[in-house]
Amino acid sequence: FKKSDFIEAEKTFARVTAIKPENIEGWNNLGIVQVQLGHIEQARESFSRILALEPNNSGALLNLGNYYSQKGEYATARNLFKKALEFRADFIDAWFNLGNTELALGEYKDAIAAYEKAVKYKPDFASAFKNMGYAFEKLGDLECAVQKYQCALDLNKADTGLWVNLGNVYLAQKKYDDARKCFLKGIRLAPHSIYGWMGLRHLALVKGDLTTFIRATLAILPRLSDEVLAQSIEILFNLNQLSKAEEILNQADRLGRTGDALDLQRLLLYQRLNTQSSRMNAIFKKICELPQKSDQIRKALARFSLYNKD
């Protein structure tokens, strides 16, 4: 296991449990290895075997709760974490994971209460402060969100997500300079991550800073979804920034990006620029023949027809 040879570790721990089926440590180690290998269903069986031998084993209850959490069955996971805490009230991981399930269930006040327990037993638990900040943000208590995010940053200034989260709160508070500093810090820490750039894009739109919006979009263009690319082009199109919209579309073309959302923007942009009439007509025909049309598609076709005085 220490050599990361998980396949051999799984075989060996399986032999241990076969020789001595009542060996709780063997089942626990086997389950941990199975999680590492992605053998989630086998891991559930291993942890369940522990609970059959020792129903109050808090570690097995935690691991089984993690299994159900990964499956998206958060209510079941929550019950298992709570049961683990009945047997071990100072179980930090159980409090943290309980907070995460409450967060996933939208029970933000209960999530905060769980995270507060986690930091009570581990005052330097940066992730608990971070998630607590997010719960306060979801509740609309932005001042408390800032306080908790800053507590987390005091413990871990290298967490890109923290800087972005704090930037988003400052943006909501209209503290634009503070938001910009946070997003730029996140970008410097992880220039290949999209989140700091996305925050900077949003801030640029709010402030009407098209130059920064375009630069941020181009910086992460290969990692943006087709839908986000299409939205970016539409924003510039609506602001009559046709050359900038064309620049982003050309980049998308070079990357071979396709899809109905982008085709809609191609259609409208080619029309306004009076270029690529054959391709424009082919796109129009293809879009019109779609069996189901979203409101976005209908709007674009209506706009196209309006410009054609049809």
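View 1. Glu41 is partly exposed, at 37% relative accessibility (partly exposed lies between buried, under 20% relative accessible area, and exposed, over 50%, with a 1.4 Å probe and protein chains only). In this predicted model, local features need pLDDT of at least 70 and side-chain atom pairs count only at pLDDT 80 or more, whereas totals for chains, interfaces and linings use all residues. Residues are numbered from 1 along each chain as its sequence is written, and side-chain values use heavy atoms, with hydrogens and water left out. The side chain of Glu41 forms a salt bridge with that of Lys71 (3.3 Å, N to O); the term denotes a side-chain nitrogen of Lys or Arg within 4 Å of a carboxyl oxygen of Asp or Glu. The pair links distant parts of the chain, 30 residues apart: Glu41 belongs to helix 3 (residues 40-53), and Lys71 to the loop between helix 4 (58-70) and helix 5 (74-87). Helices are DSSP runs (H or I, at least four residues) numbered from the N terminus. Lys71 is likewise partly exposed, at 44%.

**View 2. The salt bridge between Glu234 and Lys299.** These side chains meet at 3.1 Å, N to O. Glu234 in helix 14 (residues 226-238) and Lys299 in helix 18 (residues 295-307) are 65 residues apart. Glu234 is buried, at 13%, while Lys299 is partly exposed, at 45%.

**View 3. The salt bridge between Asp263 and Lys286.** The N to O distance in this salt bridge is 2.5 Å. The pair connects helix 16 (residues 260-273), which holds Asp263, with helix 17 (residues 277-288), which holds Lys286. Salt bridges with shared partners join Asp253, Asp260, Asp263, Arg266, Arg279 and Lys286 into one network.

Technical notes: Helix = DSSP H or I, 4+ residues; strand = E, 2+ residues; numbered from the N terminus.
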